[in-house]
Amino acid sequence: MDWAPLGVTLPTQLLGALSGPFTPDGGNFAHLANKEYERLTAEAVRLPGAAGCALWARSEHALVDSGDIVPVVDKTLTIAAHNATFRITAGLFDPTSIRMTGGQK
């Protein structure tokens, strides 16, 4: 068991850590051998852009459904604005996107 945070922006970033050769011969530190995950990711990696999204989601579900990975906690960050808008990029507040929308009284 490993209590490790896995935060990625693209599902392809998980491939080396969750499939393939085990350490020390490869990056599969979890020693997973989930055939459904491997099959779905092999299909998804051949589809460009949004076309593969459903397969990537199914591959991640295969890991959770089998108990290979167990989501435990996710950090919560509260962000508020008054008379302003802003963008959240990759789950993070983008301070360069702040736009004031109203005047002061």
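1. Phenylalanine 86 is partly exposed in this predicted model, its relative accessible area being 28%. Phenylalanine 93 is likewise described as partly exposed, in its case with a relative accessible area of 32%.

2. These residues also belong together as an aromatic pair, the count of such pairs coming to one. A pair of aromatic rings is described by the distance of the centres and the angle of the planes. For phenylalanine 86 and phenylalanine 93 the ring centres are 5.1 Å apart and the planes stand at 75 degrees, so the arrangement is edge-to-face, given that planes over 60 degrees apart are counted in that class.

3. The buried residues in α3 are Leu55, Trp56, Ser59, Ala62 and Leu63. They lie on the same side of α3, because the arc they cover around the axis is only 115 degrees. In an α-helix there are 3.6 residues a turn, so residues three or four places apart point the same way.

4. As for what covers the buried residues of α3, the elements include α1 (15–18) and α2 (35–44). On the face of α3 that is turned away from its buried side, by contrast, sit Ala54 and Asp65, which are exposed.

5. Beyond the helix, the backbone deserves a brief remark: α3 is followed by glycine 67, and the phi of glycine 67 is positive, near 80 degrees.

How values were computed: Residues numbered from 1 in each chain as written. Predicted model: local features only at pLDDT ≥ 70, side-chain atom pairs only at ≥ 80, totals over all residues. Heavy atoms only, no water. Buried < 20%, exposed > 50% of the residue type's maximum accessible area, 1.4 Å probe, protein only. Helix = DSSP H or I, 4+ residues; strand = E, 2+ residues; numbered from the N terminus. Arc of directions from axis to C-beta. Contact = heavy atoms within 4.5 Å. Phe/Tyr/Trp six-rings, centres within 6.5 Å; stacked < 30°, edge-to-face > 60°.
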